[in-house]
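Please look through the structure shown here.

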Amino acid sequence: MAEQTKRAVVRKGRIYQIRVADVEYRLFIWEMGSGFCGRVEDHPQVEPCRGRTVINVRDQLCAAMTAKPAG
């Protein structure tokens, strides 16, 4: 049998610290093709997002963190 090797995904990006409702969050935003992708560190419930600029991605992530879940 052939031995399978698992590759780790390594992304190069920047960590941005923001404050939303008096809580500190860390955003990890990286370049992907002609746009940017980002996620909130240590908060997997917030979906990663894409945008044309870092500011677009940051604004989308901030909006996702302040949105209230449908209840």
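What follows goes from the whole chain to its cysteines and then to one glutamate.

This is a predicted model, in which local features need pLDDT of at least 70 and side-chain atom pairs count only at pLDDT 80 or more, while totals for chains, interfaces and linings use all residues. Residues are numbered from 1 along each chain as its sequence is written, and side-chain values use heavy atoms, with hydrogens and water left out.

Along the principal axes, the C-alpha trace spans about 55 × 30 × 20 Å.

Of the 71 residues, 27% are buried. Buried means under 20% relative accessible area, exposed means over 50%, and partly exposed lies in between (1.4 Å probe, protein chains only). Among contacts with a separation of 6 or more, 18% join residues 24 or more positions apart, a contact being heavy atoms within 4.5 Å.

The chain carries 12 positive and 8 negative side chains, and the centres of these two sets are 5 Å apart. Lys and Arg count as positive and Asp and Glu as negative, with His and the chain ends not counted. Each charge is placed at NZ of Lys, CZ of Arg, CG of Asp or CD of Glu.

How many disulfides does a search of the whole structure find? The search finds zero, where a disulfide is a pair of cysteine sulfur atoms within 2.5 Å. The sulfur of C37 has its closest cysteine sulfur in C49, but the distance is 7.9 Å, too far for a bond. C49 is accordingly in no disulfide. Both residues are shielded: C37 is buried with a relative accessible area of 6%, and C49 is buried at 12%.

With 45% relative accessibility, E24 counts as partly exposed. Apart from neighbours within four places in sequence, E24 is in contact with Q17, I18 and R19.
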